[in-house]
Amino acid sequence: MLQALCFRRLLPALMMLSAAMPSARGETLKNWFNDPFIQVRNAVPDCPPPLGPLVSEQEARRESHWRTERGTSCWLAGQCSKPNSYLYDAPIAQAVQAHFAADPAFARSSLWLTFQRRFVWVEGCSADPAITAAALEAFVRAAPDVERVIVNLRAPGAGKTPYPLAPP
């Protein structure tokens, strides 16, 4: 039972990673589902941008069934008032973007945010060692309707990034 619960909690993050890998065949990657993807800080010049919601057409086709199922399961479980959890993403993105615009927190960072079905991925770099994943998570969670925040942060020059990269 515990293993199943852990797997169910990790599944969305694992699916995002698998869907976000660049196509080996060189297919064009794009944001097929119009998931909000925004940059809220730009202070670290050598911070590589994340892949965000970019996927190939083939990956988008594979993902469409899962998105439909995951999107409506929130409403069917009585946890959402909207019929699809992806309908929350644009308002959440606006609220989080406004929160970053109004507050100078994390000023020594370069941060991109991806929004998918009430989950927010915060990816980027911070030149401030005092910035923690927990602090970023709490800051983003202040927006209404955010279900989960996943933070992948890298110190400048720290080598490999903890997130898939946008194509050059």
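Of the 168 residues in the protein chain, 42% are buried, where buried means under 20% relative accessible area, exposed over 50% and partly exposed in between (1.4 Å probe, protein chains only). The model is predicted: local features need pLDDT of at least 70, side-chain atom pairs count only at pLDDT 80 or more, and totals for chains, interfaces and linings use all residues. Residues are numbered from 1 along each chain as its sequence is written, and side-chain values use heavy atoms, with hydrogens and water left out.

**Whole chain**

Start with a cartoon view. The protein chain has 4 helices and 4 strands, in the order α-β-α-α-β-β-α-β from the N terminus. Helices (H or I, at least four residues) and strands (E, at least two) are DSSP runs, numbered from the N terminus. Switch to a surface: the protein chain exposes about 9,300 Å², of which carbon and sulfur atoms supply 59%. Those areas come from the Shrake-Rupley method with a 1.4 Å probe; for residues, only the protein chains shown count as cover. Among contacts (heavy atoms within 4.5 Å) with a separation of 6 or more, 72% join residues 24 or more positions apart.

**The largest nonpolar core**

Select Val 96, Phe 100, Leu 113, Phe 115, Val 120, Val 122 and Leu 136. Among the 23 residues of the largest nonpolar core, these touch the most other members. A nonpolar core here is a set of buried Ala, Val, Leu, Ile, Met, Phe, Trp, Tyr and Cys residues joined through side-chain atoms within 4.5 Å. Now colour β1 (37-42), α3 (89-102), β2 (109-116), β3 (119-126), α4 (133-141) and β4 (148-154), each of which supplies at least two residues of this core. Which element gives the most to this core? It is α3, with 4 residues.

Centre on Leu 113 next. Apart from neighbours within four places in sequence, Leu 113 is in contact with Pro 36, Phe 37, Ile 38, Val 40, Val 96, Phe 100, Val 120, Trp 121 and Val 122. A second, separate core has 5 residues, including Val 44, Cys 47, Trp 112 and Tyr 163.

Select Leu 136, Phe 139 and Val 140, the buried residues of α4. Looking down the axis of α4, these buried residues fall within an arc of 95 degrees, so they line one face of the helix; the arc is that of the directions from the helix axis to the C-beta atoms. An α-helix has 3.6 residues a turn, so residues three or four places apart point the same way. What do the buried residues of α4 pack against? Their partners are α3, β2, β3 and β4.

The axes of α3 and α4 come within 9 Å and cross at roughly 115 degrees. Axes are lines fitted to C-alpha atoms, for helices over the stretch in contact, and angles run from 0 to 180 degrees between N-to-C directions. On the α3 side, Val 96, His 99 and Phe 100 meet Leu 136, Phe 139 and Val 140 of α4. The residues of this contact divide into 5 nonpolar, 1 polar and no charged. In that count Ala, Val, Leu, Ile, Met, Phe, Trp, Tyr, Cys and Pro are nonpolar, Asp, Glu, Lys and Arg charged, and the others, Gly among them, polar.

**Two loops with positive phi**

Go to Phe 106, in the loop between α3 and β2. Phe 106 is not a glycine, yet has a positive phi of about 65 degrees. Is Phe 106 buried or exposed? Its relative accessibility is 12%, so Phe 106 counts as buried.

Then move to Asp 145, in the loop between α4 and β4. Asp 145 also has a positive phi, about 75 degrees, although it is not a glycine. At 41% relative accessibility, Asp 145 counts as partly exposed.

Select Ser 110 in strand β2. Ser 110 has 0% relative accessibility and therefore counts as buried. Setting aside neighbours within four places in sequence, Ser 110 is in contact with residues including Gln 39, Arg 41, Asn 42, Val 44, Cys 47 and Glu 123. Draw a C-alpha distance from Ser 110 to Leu 153: they are 43 residues apart in sequence and 9.5 Å apart in space.

Leu 51 sits in the loop between β1 and α2 (57-76) and, at 1% relative accessibility, counts as buried.

Last, pick Ala 90 in helix α3, partly exposed at 42% relative accessibility. Ala 90 and Asp 35 lie 55 residues apart in sequence and 7.9 Å apart in space, C-alpha to C-alpha.
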